[in-house]
Amino acid sequence: MTRGKATVTLDRDKVEEARLLIGGTSMSEVLDVALDRLIHAEKLRRDVAAYQDLPLGEDDLDVGGLAVEFDLDDDDVDYDAIYGSDP
């Protein structure tokens, strides 16, 4: 990643509040974290928007009807002894 100096106009109170929130040591670190989070949030927002535009297909709808085997592999646990049984 190429780094370089830039001249920007910032609200110093916001930068200081952000620095305290993230435990940052410099204005550059605060801006770097903020940009990373903005990029991540925007990519996620775009991914969600893209998925919302796709209609559900038959395969997607059929998944809800699949049988599920639920096995906790806990046959040796006596839940009635631990929690009591329902009356």
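**Asp32, in the predicted model, is partly exposed, with a relative accessible area of 27%.** Exposure classes follow relative accessible area (buried under 20%, exposed over 50%, partly exposed in between; 1.4 Å probe, protein chains only). The model is predicted, so local features need pLDDT of at least 70 and side-chain atom pairs pLDDT 80 or more, while totals for chains, interfaces and linings use all residues. Residues are numbered from 1 along each chain as its sequence is written, and side-chain values use heavy atoms, with hydrogens and water left out. The side chain of Asp32 meets that of Arg3 in a salt bridge, with 3.9 Å from N to O; such a bridge is a side-chain nitrogen of Lys or Arg within 4 Å of a carboxyl oxygen of Asp or Glu. Arg3 lies in the segment before α1 (12-22) and Asp32 in helix α2, so the pair ties together parts that are 29 residues apart in sequence. Helices here are DSSP runs (H or I, at least four residues), numbered from the N terminus. Arg3, the partner of Asp32, is exposed, with a relative accessible area of 57%. In the whole structure, four salt bridges are found.

**Glu42, Arg45 and Arg46 are linked in a network of salt bridges.** Arg45 is partly exposed, with a relative accessible area of 48%. Glu42 is also partly exposed, with a relative accessible area of 27%.

**Val15 and Val33 belong to helices α1 and α2 respectively.** Val15 counts as buried, at 13% relative accessibility. From Val15 to Met27 the C-alpha distance is 6.8 Å in space, while 12 residues separate the two in sequence. Val33 counts as partly exposed, at 23% relative accessibility. The C-alpha atoms of Val33 and Ile22 are separated by 8.5 Å, and these residues are 11 residues apart along the chain.

**The largest pocket holds about 570 Å³ of space.** Of its 19 lining residues, those closest to its centre are Gly4, Ala6, Met27, Ser28 and Leu31. A pocket is an open set of points on a 1 Å grid over the protein atoms alone, where a 1.4 Å probe fits, with protein on both sides within 12 Å along at least five of seven lines; lining residues have an atom within 4 Å of a point. Helix α2 (residues 27-52) gives the largest share of the lining, with nine residues. The lining of the largest pocket divides into 10 nonpolar, four polar and five charged residues. Ala, Val, Leu, Ile, Met, Phe, Trp, Tyr, Cys and Pro count as nonpolar, Asp, Glu, Lys and Arg as charged, and the others, Gly among them, as polar.

**Asp73 has a positive phi of about 55 degrees although it is not a glycine.** Most residues other than glycine have a negative phi. Asp73 is placed in the loop between α3 (58-62) and α4. Asp73 counts as exposed, at 66% relative accessibility.

**Phe70, Leu72, Val77, Tyr79, Ile82 and Tyr83 make a nonpolar surface patch of about 710 Å².** A patch of this kind joins, within 5 Å, nonpolar side chains (Val, Leu, Ile, Met, Phe, Trp, Tyr) of residues with over 30% relative accessible area and no salt bridge. Tyr83, one of the patch residues, is found in helix α4 (residues 79-83). Tyr83 is exposed, with a relative accessible area of 67%.

Note on methods:
Patches are made of residues with over 30% relative accessible area and no salt bridge: like charges are joined within 9 Å, nonpolar side chains (Val, Leu, Ile, Met, Phe, Trp, Tyr) within 5 Å. Accessible areas come from the Shrake-Rupley method with a 1.4 Å probe; for residues, only the protein chains shown count as cover. Helices (H or I, at least four residues) and strands (E, at least two) are DSSP runs, numbered from the N terminus. Grid points are joined across faces, edges and corners, and a volume is the space filled by probe spheres set on the points.
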